[in-house]
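Here is a short briefing on one chain.

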Amino acid sequence: MKNSGRYRFSLWLLACASITLHPIHGEESLATLKAREQRVQELVAKAQPAVVCVTNKAAAGTGSGVIVTKEGLILTAAHVTQATGKALDIIFPDGRHVKGTALGANCGSDAGLAKIDEPGEYPFVEMGDSNLLKLGDWCVALGHPGGFKLERKPPVRLGRIWQRDPEGGIFSDCTLIGGDSGGPLFDLDGKVIGIHSSINAAAEHNRHIALDSFKGDWTDLMASKIWGDLRMSGSDPKRP
């Protein structure tokens, strides 16, 4: 990430990989590609500081989350908080640790909420509207694959939305691995549109919780209610 040339080239490679997997009909101009690259760079610069690692020093599980208010409210996956417990260790990309608490969880949709306990103003991102998504829309995935690593920032994965399901799931072709669960999926306006849930060896089978699933359950999640049965496809709830 420190080398801007390599960073730009890596984004280009990710874009090319997505185009190969799900070809776009027609040709895109160089100006269009450069404009998309610029939007992704601006998005990443703002979003990365708000993408945290969600873990617990006494538990083996580790996942990701994203801060969506300046007070430190965190969107994550229910199976992340269920694996890591009530008392959380929240790690920022710069290595700073703060104490957190798991709030509510809809285990049926895999939507989970947490908060930072320590008072302060924290970097945060805006929540978008997942109902406005169209198949083929570009998206960006961030998270902490493989767990937190101080020597790197949350890696950037560029892809596209290719499927929706009736239960509120979004499928993208962004490459995800264990540790990404609970991390954010963004539209190119830099707004969160989903949270990583089921991770699959085949990238196009990665499922994200649609943001509007969180909005529909917001009151119960804030009230720390936990309900529903955890049903995962492609990832083990005990190993987020």
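D94 is exposed, with a relative accessible area of 58%; exposed means over 50%, buried under 20%, and partly exposed in between, using a 1.4 Å probe and protein chains only. The model is predicted: local features need pLDDT of at least 70, side-chain atom pairs count only at pLDDT 80 or more, and totals for chains, interfaces and linings use all residues. Numbering runs from 1 along each chain as its sequence is written, and side-chain values use heavy atoms, without hydrogens and water.

**Around D94**
- D94 sits in the loop between β4 (87-91) and β5 (97-106); strands are DSSP runs of E, at least two residues, and helices are runs of H or I, at least four, numbered from the N terminus.
- The D94 side chain reaches the backbone nitrogen of R96 at 3.0 Å.
- K153 is 59 residues from D94 along the chain, yet their C-alpha atoms are separated by 7.9 Å.

**Barrel**
- Six strands close into a barrel, ordered β7-β8-β9-β12-β11-β10, with antiparallel pairing; a pair needs at least two DSSP bridges.
- From one strand to the next, the twist averages 45°.
- Strands β7 (residues 138-141) and β8 (residues 157-164) run antiparallel and are joined by four bridges.
- A141 has R157 in β8 as its bridge partner.

**Whole chain**
- The chain has five helices and 13 strands.
- Of its 240 residues, 52% are buried.
- Among contacts (heavy atoms within 4.5 Å) with a separation of 6 or more, 66% link residues 24 or more positions apart.

How values were computed. Axes fitted to C-alpha atoms, helices over the stretch in contact; angles between N-to-C directions. Polar contact = N/O pair within 3.5 Å; in protein donor to acceptor, adjacent residues only side chain to side chain.
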